[in-house]
Amino acid sequence: MSTTAGAFIAGGIAACGAVTATHPFETVKIRMQLQGELQDKGHQPHHYRGPFHGVSVIVRNEGVRGIYRGIGCAYIYQVLLNGCRLGFYEPMRSTLSHVIFKDEKTQSLGINMFCGAASGILGAMAGSPFFLAKTRLQSYSPFLPTGTQHNYRNAWDGLRQIYRGEGVRGLYRGVGAAMIRTGFGSSVQLPTYFFAKRRLVKHLGMEEGPVLHLASSTASGFVVCVVMHPPDTIMSRLYNQNGNLYKGVFDCLAKTIRTEGFFAIYKGFLPHLARILPHTILTLSLAEQTNKLVRKLESRFLPSADLKSV
């Protein structure tokens, strides 16, 4: 690994590359999560019926710009989230392993999951206002609206309006759900990635390289999507609400299941999977490459002693 700062930068760059490719499916996922919100099953609209149908509907009605609503916020959020997640994970893991096992190289599933969740929660807290604005920008449609509509000109206009109307507390609306969502996802993303990587090397004899990174990332991405989607749905609804439609995470969960049925918390699962698989693959694969690049740059400008000590 690079230094903590280097890993933060490498993680942020990798995530921005990934989000550019996967943002359209994120837009569809959010709209599917919001369509039919708190409406009985027989009365729910189905404007967006899947990842590719949703993309085609949005492009046909709103153009390419429609599927890339909120991309600026997405970049900032990904830098903060994945910078924290990839930058703090290894230092936290090695420190805890050293304290508990007296050997920082010891791999413990419990420690790995804890550090994955903790680093992800830090990133979710840092990036929550930007994810809030992103969600509201992506949910807005002048043609086929779903959920509460927020007509912001851009990310900064959205943040300004939220702050003016609700203060700092408004900017952190739904942060509890974001922490749960990201904690769930982060607790399994990196541990699953490294677990799959070790197993593939040990049992299939795969060597370090793009193919190994691709296979490990795919396994990680699928597990992340299954674990993270229910709190992701709750978070989208909390972020997009006006006023106090939901009192909190559990109130939103209860109202959603009671009105729309249990599987409502898995609305938008396929677009989420279509987004998160390539996103995880690109983020973790690019992170391997950007980390090597940052490491080379650090070796030029930082003494070797400094690299070991950070």
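Which residues in α5 meet which residues in α7? In this predicted model, for which local features need pLDDT of at least 70, side-chain atom pairs count only at pLDDT 80 or more, and totals for chains, interfaces and linings use all residues, Asn112, Met113, Gly116, Ala117, Gly120, Ile121, Ala124, Met125, Ser128 and Phe131 in α5 meet Val175, Ala178, Met179, Arg181, Thr182, Gly183, Ser186, Ser187, Val188 and Pro191 in α7, contact meaning heavy atoms within 4.5 Å. By class, this contact of α5 with α7 has 11 nonpolar, eight polar and one charged residues, where Ala, Val, Leu, Ile, Met, Phe, Trp, Tyr, Cys and Pro count as nonpolar, Asp, Glu, Lys and Arg as charged, and the others, Gly among them, as polar. Residues are numbered from 1 along each chain as its sequence is written, and side-chain values use heavy atoms, with hydrogens and water left out.

The axes of α5 and α7 come within 7 Å and cross at roughly 140 degrees; axes are lines fitted to C-alpha atoms, for helices over the stretch in contact, and angles run from 0 to 180 degrees between N-to-C directions. The two helices, α5 and α7, are therefore oblique to each other, given that angles under 35 degrees count as roughly parallel, over 145 as roughly antiparallel, 65 to 115 as roughly perpendicular and the rest as oblique. The crossing of α5 and α7 is right-handed, a term that applies if the near helix is turned clockwise from the far one by less than a right angle, anticlockwise being left-handed. Helices here are DSSP runs (H or I, at least four residues), numbered from the N terminus.

Helix α7 (residues 175-204) also packs against helix α4 (residues 71-101), at an angle of about 50 degrees and with the axes 12 Å apart. That makes α4 oblique to α7, and their crossing is right-handed. On the α4 side Tyr77, Leu81, Arg85, Leu86 and Tyr89 take part, meeting Arg181, Thr182, Ser186, Gln189, Leu190, Pro191 and Phe194 in α7; this contact comprises seven nonpolar, three polar and two charged residues. With α8, by contrast, α7 packs at an angle of about 170 degrees, with the axes 8 Å apart. That makes α7 roughly antiparallel to α8, and the residues of their contact divide into 21 nonpolar, seven polar and three charged.

The largest nonpolar core has 22 residues, and those with the most contacts inside it are Met235, Leu238 and Tyr239; such a core is a set of buried Ala, Val, Leu, Ile, Met, Phe, Trp, Tyr and Cys residues joined through side-chain atoms within 4.5 Å. At least two residues of this core are supplied by each of α4, α5 (109-139), α6 (155-171), α7 and α8 (210-240), and its largest share, five residues, comes from α5. Apart from this core lies another, of eight residues, among them Val28, Val55, Val57 and Ile58.

Met125, in helix α5, counts as partly exposed at 38% relative accessibility, where buried means under 20% relative accessible area, exposed over 50%, and partly exposed in between (1.4 Å probe, protein chains only). Not counting residues up to four places away in sequence, Met125 touches Tyr172, Val175 and Met179. Glu26, in helix α1 (residues 4-34), counts as buried at 4% relative accessibility, and, not counting residues up to four places away in sequence, Glu26 touches Phe131, Lys134, Gln138 and Arg275.
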